[in-house]
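Here are a few friendly notes to read with the model open beside you.

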Amino acid sequence: MGYEMIFSDMDGTLLKNDTEVSEKNNNAIQQAMKKGVQFVICTGRGVFGVERFLKQLDLFGKEGYAICQNGGAVYDLRDMSLAIRESFSPKTYAPIAKFARELGLELYYYDDRKFMAEMESDRVKQYCKVMGSGVEVVKEPLRYQGEFTKSLISGNKEKLLLVQKMVQETAGDELDCFFSSKIFMEIVKKGVSKGNIMEQTSKKAGVPLKSVIAVGDSHNDISMIKKAGLGIAVANAEPEVKAIADYITKNRCEQDAVAEVIEKFIL
């Protein structure tokens, strides 16, 4: 099978310690691109936490896309313009935010390049430092004049499960929610997922899904791993992700799992 596109998650998959693309991964990606294979970053991060890696991978100015916020914001690599924006109303989200806040959970909001939080906590400051982002304090979603492309809720998993239940019961026709780690739950517009946006972008590129590889580690990667011609879970992936994968890498993300995939299935 000749694979033509690779869609890769970042944190827990491509990045070493969530902070760097290793030299081995980078070299393998460059070799794959020389063979005409498109490499697509597909992440829950905002674009501000992605651009330095796009530069390192020499993807700026190339034909293709960077998928951010789990598909809520997609950027054209040729000029980094916003190609796709999927958003939801603060009015829809306000009761959910109120419930989460009462449980003592932290709430964050995204809109294109904006990152917003209800308070500038130590966690927010650390996040901004890692991502290279500023923060706008929005204490109540209804005060925001635009719409959100994603919300992130952080805290105890049992409490997050209560919020997930509320979202499904009260706004399930407008919003989707899923875990991206044990302490982070993502809220997006209904129908927005890595799998759906992978299908859209591969179609734009004229590449059938059977010629696509998807690599990930967490629950928000399941939709693309299921849809890809070859769905791969890295060795450190969640058990539920491994269960639906066609292949599980021998190496963890810290041990250049993406390079393993490229060497085995592309090179």
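Predicted model: local features only at pLDDT ≥ 70, side-chain atom pairs only at ≥ 80, totals over all residues.

1. Residues are numbered from 1 along each chain as its sequence is written, and side-chain values use heavy atoms, with hydrogens and water left out.

2. The largest pocket holds about 770 Å³ of space. (A pocket is an open set of points on a 1 Å grid over the protein atoms alone, where a 1.4 Å probe fits, with protein on both sides within 12 Å along at least five of seven lines; lining residues have an atom within 4 Å of a point.) It has 32 lining residues, and Asp 11, Asp 18, Ser 180, Ser 181 and Phe 184 are the closest to its centre.

3. Helix 5 contributes the most to that lining, with 5 residues. (Helices, H or I of at least four residues, and strands, E of at least two, are DSSP runs numbered from the N terminus.)

4. Now for the salt bridges: the whole structure has 16, each a side-chain nitrogen of Lys or Arg within 4 Å of a carboxyl oxygen of Asp or Glu. Glu 86 pairs with Lys 189, with the closest N and O atoms 3.2 Å apart. Glu 86 sits in the loop between strand 5 and helix 4 and Lys 189 in strand 11, so the pair ties together parts 103 residues apart in sequence.

5. Glu 102 and Lys 98 also form a salt bridge, at 2.7 Å between the closest N and O atoms. They are 4 residues apart in helix 4, about one helical turn.

Terms used:
Points joined across faces, edges and corners; volume = space filled by probe spheres on them.
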